[in-house]
Amino acid sequence: MTATLTLREVCFARAQTAGPEELQRARLCLLDWLGVTIAGAKEPIVTILASDAAEDRSAHGQRLIGRTETVSLRDAALVNGAAGHALDYDDGMPAMIGHPSVAILPALIALAADADIDGDRQLRAIVAGTEAAGRIGLMMGADHYARGFHCTGTVGAVAGALAAAFLLDLTREQTSHALGLAGTRAAGLRASFGSDAKPLHAGWASLIALTSAQWAAKGLTGAQDIIGSPQGFARPLSSDSDAQLGLGAVPTPFVATVTFKAHAACAVTHPAIDAAAALQREAGFAIEDISAIAIRLAPAADSICNIAAPKSGLELKFSVRAVVAMTLLGIDTANPESYSDRLARDGALKDMIARTNVTLDPDFALGMMSLAIHLSDGRALEKQGTFDFVSDADALTDMLSTKFSSLASPVVGPTNARQCREMIFGEATNLSARQLLSLTSPSPSSSKG
């Protein structure tokens with residue numbers, strides 16, 4: 001059996017046998033993705049893409065999430081994919097080194113709504129897709145990301161194609177071709193971070209996933225072993241790739257390893273945000289008492305979140321200096337509206353950033369950090385940390401329900417937001433992608449760009 005077919009069998013089996021815990025995690029992925037997509041729908045990049053898609057009057061099929069335009073099925077996957085990543089507030093996965101749901105779910109929801117596929121199969125397709133994302137991430141190795149590839153666009157496109165293949169119940173041969181069609185088109189470069197192209201990676205991944213499955217279902221062929229071939233997806237894009245790493249037994253279903261953001265900024269900045277908030281809470285110092293701030297990060301963080309002088313709201317999200325300054329100044333890092341071009345020009349923020357020094361520590365792994373706040377009285381308050389995402393099931397559900405309400409209610413209204421939550425957490429037989437999409441239309445009182 002080829003590596004591609006083995007991946008299909010492993011991921012499909014995981015989805016088919018998924019129990020209540022895995023399916024609950026899939027619901028959380030759906031809820032979080034829907035919330036960040038609704039909130040991201042008004043971002044300038046989404047308005048441009050939606051306007052472009054709406055100009056095609058020949059193929060209208062679905063209402064965009066959080067907007068009024070109706071576009072083709074494929075444009076819905078592209079635009080909703082970009083909207084979900086526009087705020088950089090969507091979920092992540094360590095093994096993938098990327099964002100799984102935003103690459104996988106736009107295609108799944110578009111296809112499920114179009115074909116009226118039942119809710120249980122939708123949730124199991126999420127399990128299949130996240131399983132594929134984690135396993136392909138293991139196959140690619142760390143060098144893939146280190147070389148400059150954005151795994152949301154690369155790994156996400158192939159994982160999304162596998163999820164779509166499961167949703168549409170493609171045969172083994174069709175699934176191989178779907179992954180082959182996705183793998184040969186998957187792309188995304190980290191040089192795009194801080195620009196509109198980064199959320200486009202998620203949109204393209206979703207579009208690639210959807211079309212790969214659709215084309216394979218109609219008989220279009222791709223490489224039959226895109227995963228295992230020496231000229232396939234893994235080896236040309238990574239010096240330490242190993243297809244077998246992602247095909248064996250793993251201790252935990254990958255859907256259970258999906259992490260969710262409490263701050264609307266790059267995930268690598270979160271430990272520093274949490275440390276700054278904790279030090280301020282514990283010591284109770286005043287802003288004017290701060291003489292200097294010192295942050296130590298892993299060398300790998302330099303090209304991810306170390307913009308020294310951010311000039312836009314988007315660049316604030318990728319500047320550890322900026323988000324620490326925002327935290328200390330009492331600016332809500334959980335609110336996407338906080339990251340504005342206006343704030344990037346704010347004198348108090350720029351002054352705090354100027355007092356901050358970042359050094360790269362070769363002993364630190366990605367996610368590790370050390371924060372020291374030096375006060376004018378000579379004290380130095382220090383805290384070290386690493387990724388510390390909420391894992392308790394009940395606490396996570398509460399956190400994401402609150403996050404969803406804060407993101408969705410201003411756009412779709414409190415009633416529709418509540419009905420979305422109830423549908424996602426209710427009986428799978430009542431989970432209708434069509435109805436879910438209808439609930440995301442903006443309320444008359446909300447303004448759209």
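The following paragraphs lead from the overall form of the chain to a few of its individual residues.

The model shown here is a predicted one. Its secondary structure comes to 19 helices and 6 strands. The radius of gyration is 21 Å, close to the 22 Å that the globule rule gives for 449 residues, so the chain is as compact as a globular protein of that length. Along the principal axes, the C-alpha atoms fill a box of roughly 70 × 50 × 40 Å.

The interior and the surface may be considered next. Of the 449 residues in the chain, 59% are buried. Among contacts with a separation of 6 or more, 79% are made by residues 24 or more positions apart. The accessible surface comes to about 17000 Å², and carbon and sulfur atoms account for 51% of that area. The chain carries 36 positive and 46 negative side chains, and the centres of these two sets lie 3 Å apart.

Strand β5 (residues 369–375) and strand β6 (residues 380–385) run antiparallel and are joined by 6 bridges. Within this pairing, His-374 stands opposite Ala-380 in β6. The two strands form a hairpin with 4 residues between them. In the turn, Gly-378 has a positive phi of about 100°.

Which residues have a positive phi without being a glycine? Asp-88 is one of them, with a phi of about 55°, and Asp-169 is another, with a phi of about 60°. Asp-88 is found in the loop between α4 (73–86) and α5 (100–115), whereas Asp-169 is placed in the loop between α8 (151–167) and α9 (172–183). Are these residues buried or exposed? Asp-88 has a relative accessibility of 4% and therefore counts as buried. Asp-169, with a relative accessible area of 54%, is exposed.

A further loop, between α10 (197–217) and α11 (270–283), contains Ala-262. This residue counts as partly exposed because its relative accessibility is 35%, a value between the limits of under 20% for buried and over 50% for exposed. What does Ala-262 touch, not counting residues up to four places away in sequence? Its partners are Tyr-89, His-270, Ala-334 and Met-399. Ala-262 and Asp-90 are 172 residues apart along the chain, and their C-alpha atoms are separated by 9.7 Å.

Definitions and conventions. Residues numbered from 1 in each chain as written. Predicted model: local features only at pLDDT ≥ 70, side-chain atom pairs only at ≥ 80, totals over all residues. Heavy atoms only, no water. Rg over C-alpha atoms; globule rule 2.2 N^0.38 Å. Buried < 20%, exposed > 50% of the residue type's maximum accessible area, 1.4 Å probe, protein only. Contact = heavy atoms within 4.5 Å. Areas by Shrake-Rupley, 256 points an atom, 1.4 Å probe, with all protein chains shown as cover. Lys, Arg positive; Asp, Glu negative; His and termini not counted. Charge placed at Lys NZ, Arg CZ, Asp CG, Glu CD. Pairing = 2+ DSSP bridges.
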